[in-house]
Amino acid sequence: MAQRTGLIAAAVVIIVIIAIAAAITLQRGGKPAATTTAPPATAATTTTAAASSPAATAGQAKPSKPTLTGNIEEDIVAIGRYLAAQGIHKATFTVWGAGDPNSVMRTLAVAEAAYRLNKILEKNGVDFRIEVKQNFRRGGGDKLAEDFAAAFQSNANPDIMANSYKHIARFAEQGYLLDITPYLEKYKSLLGDFYPSLLAAVQYKGRYYGLPQDTEARPLYWRTDVAACIKEKTGNDILAGLAEKIERGEVTWHDIYRYAKLAVESGCSKWGVLHRKGSAHPDLIQFIYAFGGRLYDPEKNMLVLDVPAVYKWLYVEWRMARDHLLPEDMMSWDWAKQIHPAVVSGQTLVWIGGTWHWTEWQTKPYYLDPKTGEKRPLTTEEVKKYFYYTLFAAGDPGDKPVTLSQPFVWMIASNAGKDNPRYSELKDVYHMLAFLLVVKADDPDLVAIHSIISAHLPVRKAAAELIADKAWVEKLAKLQVDLSPEVKNSIADIVKATVNDINVAFLANASNMLKYTHLTPMHPDYPRLADIFASAVDKVLRGEMTPEEAVNYIISKIKADPELSKTVEIVGEIPRDWSFP
Amino acid sequence: MPRPRLGPAAFFLMPALFLIAVFYIAPLMLSIYIGFTPLRDWNLHRYLGSVTTYNYERLLHLLLHDPDVGKIIRTTIVFVSLTLLVNVLGGLALALAAFLMEESISLPTRLAWMLPRMTPIAVYSLIWYYFFLGDRTGTLNSILLRLGVIDKPVDWGTNPALLPYSDWAILVLVNGLVGVSFGMVVFYSALRSIPREHIIAARVDGASTWQLVRHILVPQLRWHLVYVTIWQLLSLVTTYAHIFLLVEWGALDRWWGSTWALYVFNTAFSTGDQGLAAAASTLLVALGVVLGLAALRLLGFQRMMQEPRGEI
């Protein structure tokens with residue numbers, strides 16, 4: 001008995017020690033510098049204090065703390081001089097970015113920005129330099145965002161991150177992002193060059209939490225060979241003026257249903273329509289906007305479940321799946337084995353995709369060449385030959401065509417510059433420095449280069465002008481542009497594979513779609529709602545639920561979660577007098 | 001008999017106790033605490049100070065009203081119980097077979113059954129993903145189409161007509177093949193430690209193989225059966241790695257193919273709702289403790305721990 005009691009006592013003592021240690025660590029541990037007045041690591045403070053002393057002893061008048069003027073050269077020189085006078089001659093910033101293999105500029109642009117700012121500093125004889133550490137990951141940005149949030153707890157987060165705008169709402173709510181509204185008041189001319197619709201993607205509750213990095217549109221791709229076959233067999237010339245008709249709202253989803261039926265019934269293609277799998281966000285959300293619906297009430301800051309529009313969207317999917325125009329298991333198709341091979345081999349009339357697919361089909365071996373029996377990418381010419389693209393058509397007659405963008409944005413962490421000397425004292429200066437890095441990373445030529453090599457759309461008008469400039473594009477193809485050797489080396493292969501007239505023309509045309517673009521809501525709970533939509537689409541496609549049951553399912557899911565039921569307003573009713581097709 | 005001294009015992013147990021405290025008890029306590037905070041988006045500094053029962057209220061609301069949470073619970077019950085049966089009885093059958101066969105065949109057989117456990121989780125899951133893929137290129141569809149058993153591909157893990165049974169079968173199959181080798185190794189080593197004389201004597205007395213298994217071998221595996229059952233039970237309650245990948249890739253229905261452990265993971269890491277996830281995981285821990293204790297009692301753990309009555 002005594003033996004057992006002794007062991008228990010030993011265990012209890014250890015647990016108590018651990019608990020006390022954990023409590024102390026949590027109390028102290030890495031509180032974000034932006035939310036605390038406590039000084040950062042003592043070692044850094046000591047080092048810089050020593051470093052700053054020679055300047056102090058030299059008896060030079062220190063410049064006063066700089067403020068931004070809106071002129072980037074003046075601003076960087078002022079900041080550089082100020083920090084140099086403090087004995088700080090180098091500042092280090094970290095940038096994280098993620099995306100497809102061609103989107104390397106999501107971190108390289110910040111490295112290039114540092115290179116350009118350093119050149120200005122050098123020209124002005126300022127003894128201060130900026131160093132950028134970059135980490136680019138292939139894949140989606142959601143994981144990167146989770147890592148950012150987790151790293152923030154121990155100040156291990158990057159200072160700058162390129163990620164989807166959709167994370168801004170939640171990160172701004174948590175205080176992870178720097179509010180750059182005051183800085184942008186000085187840089188109004190820069191703001192004026194961004195497409196206005198994209199500026200909504202960097203604002204939350206009226207404040208700016210980032211700058212646009214890139215964007216995209218989600219067109220309907222039409223197979224020209226399938227359309228030609230339909231014309232030959234039925235006499236219907238689907239593609240005649242189609243882009244313009246869709247733009248004018250004359251061709252709606254009612255017509256697309258008919259075209260899809262023609263394609264399948266005439267044996268010209270196996271499917272009428274294919275779309276992306278998995279999360280309904282953001283491609284399929286276009287249906288809600290195309291049927292005149294809305295997803296967000298900015299005045300109440302509430303998400304909206306627009307019942308009539310959602311019902312019509314689900315009905316279109318359900319009807320097409322029942323008529324075998326759209327696969328019942330579309331939401332679980334495999335990207336590499338099913339979706340892309342079906343699209344590039346002409347098994348569908350319509351593909352609801354994204355602009356980036358245009359170059360993806362040119363770089364990934366999805367196409368099974370019938371002559372060689374080998375898988376290969378399509379050539380640029382083949383992509384141009386087989387794919388016609390239009391806006392996402394209006395839902396009903398009277399509705400408007402749409403597209404949808406999910407811009408990537410530069411976000412600056414609220415503790416940006418945290419790894420630099422005397423952070424607590426100089427953090428506002430480091431914040432300005434991070435802001436200037438991001439401004440410079442959005443230089444028109446850097447935006448244009450990223451757009452061309454990754455088939456994302458430019459976010460600035462000046463960048464779109466560069467893309468339209470044949471002479472500049474030719475120079476880019478030969479890499480005869482003003483870039484640091486590091487960046488030139490990093491993008492040389494991608495430039496060689498992607499910079500050509502066809503792709504540039506595609507970008508220019510697709511950029512026009514931005515006039516019709518919509519953004520999904522800037523609300524922390526939106527991903528949760530989008531997730532429910534994805535389940536509902538899957539259920540109607542498979543025939544597990546009718547559209548009406550699926551709408552009721554969405555409502556029950558919203559009501560089952562007390563969090564969502566507080567933030568989602570359910571409006572409208574299932575339309576009884578509506579028919580499709 | 002002199003009483004053992006407490007000091008040396010505590011001294012020698014200290015490292016183990018320390019590790020248990022650091023790696024088991026402290027995280028458990030922290031997780032339980034987080035379940036009582038509104039933690040989200042990993043914002044420890046903002047939320048860890050506030051204590052609330054809101055997560056449990058929300059969880060209860062979801063349990064009562066969310067049409068999909070009920071599916072997860074049913075899947076968890078079926079998955080744990082059926083896979084446990086496969087792991088324990090399958091492991092026993094494999095061990096007995098391996099014990100009774102020639103050593104030259106036994107070794108490669110055991111090795112083959114170890115392969116699923118030795119294969120990296122992503123690779124193993126990918127094999128099953130392609131096996132059950134819903135189009136012609138899926139391995140199972142391809143075989144059945146060639147044999148003429150089916151005339152069009154079947155989406156095995158997601159077809160509403162086959163749910164939930166197809167998902168349950170896939171879950172049990174995939175996880176059973178991984179888990180069965182654990183029981184096999186434990187039982188086989190136990191069988192090898194049975195004195196050869198017992199077996200020879202039984203054979204001399206004319207016992208058939210079945211009688212040998214029934215009356216000589218299995219009775220001597222009793223405590224190993226208890227150990228494997230409890231170990232596997234607790235593992236299955238918290239397992240989710242293979243399931244996560246299959247659901248993520250769309251091979252399984254996201255609700256009928258999900259267990260409570262996966263629900264906890266997704267809530268924490270996909271929706272950033274760590275407070276709710278911690279509350280859900282606390283329920284899982286409580287369930288594990290109850291099931292573990294119940295199993296120990298039912299399987300007679302107390303008797304196993306008693307000192308032998310005779311002299312050794």
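This is a predicted model: local features need pLDDT of at least 70, side-chain atom pairs count only at pLDDT 80 or more; totals for chains, interfaces and linings use all residues.
View 1. Most peptide bonds are trans.

**View 2. The cis peptide bond between A:Phe580 and A:Pro581.** In chain A, A:Phe580 and A:Pro581 are joined by a cis peptide bond whose omega is about 0 degrees. A:Pro581 lies in the segment that comes after β18 (568-571) of chain A.

**View 3. A positive phi at A:Arg422.** The loop between β16 (408-412) and α18 (423-441) of chain A contains A:Arg422, and the phi of A:Arg422 is near 50 degrees, a positive value in a residue other than glycine. Most residues other than glycine have a negative phi.

**View 4. The interface between chain B and chain A.** The contact draws 47 residues from chain B and 44 residues from chain A, and the area buried between the two chains is about 4000 Å², with carbon and sulfur atoms giving 53% of that area. B:Asp41, B:Trp42 and B:His45 together supply 16% of the area that chain B buries against chain A, which is more than any other three residues supply.

View 5. Across the same interface of chain B and chain A, 26 residue pairs are in polar contact, with both residues at pLDDT 80 or more. On the side of chain B that touches chain A, at least two residues each come from α1 (6-35), α2 (44-47), α3 (54-65) and α6 (121-131) of chain B, and α1(B) gives the most, with eleven residues. Sorted by class, that side of chain B has 26 nonpolar, nine polar and twelve charged residues.

**View 6. A nonpolar surface patch on chain B.** B:Leu60, B:Leu63, B:Leu64, B:Ile73, B:Ile77 and B:Leu283 make a nonpolar surface patch of about 530 Å². The elements giving two or more residues to the nonpolar patch are α3 and α4 (69-100) of chain B, and α3(B) gives the most, with three residues. B:Leu63 is found in this helix α3 of chain B.

Key: Residues are numbered from 1 along each chain as its sequence is written. Chains are lettered from A and ligands numbered from 1 in the order in which they are written. Side-chain values use heavy atoms; hydrogens and water are left out. Contact means heavy atoms within 4.5 Å. Buried area is the accessible area (1.4 Å probe) that two parts lose on being put together, summed over both. A polar contact is a pair of N or O atoms within 3.5 Å; within protein, one must be able to donate a hydrogen and the other to accept it, and residues adjacent in sequence count only if both atoms are side-chain atoms. Helices (H or I, at least four residues) and strands (E, at least two) are DSSP runs, numbered from the N terminus. Ala, Val, Leu, Ile, Met, Phe, Trp, Tyr, Cys and Pro count as nonpolar, Asp, Glu, Lys and Arg as charged, and the others, Gly among them, as polar. Patches are made of residues with over 30% relative accessible area and no salt bridge: like charges are joined within 9 Å, nonpolar side chains (Val, Leu, Ile, Met, Phe, Trp, Tyr) within 5 Å. Accessible areas come from the Shrake-Rupley method with a 1.4 Å probe; for residues, only the protein chains shown count as cover. A salt bridge is a side-chain nitrogen of Lys or Arg within 4 Å of a carboxyl oxygen of Asp or Glu.
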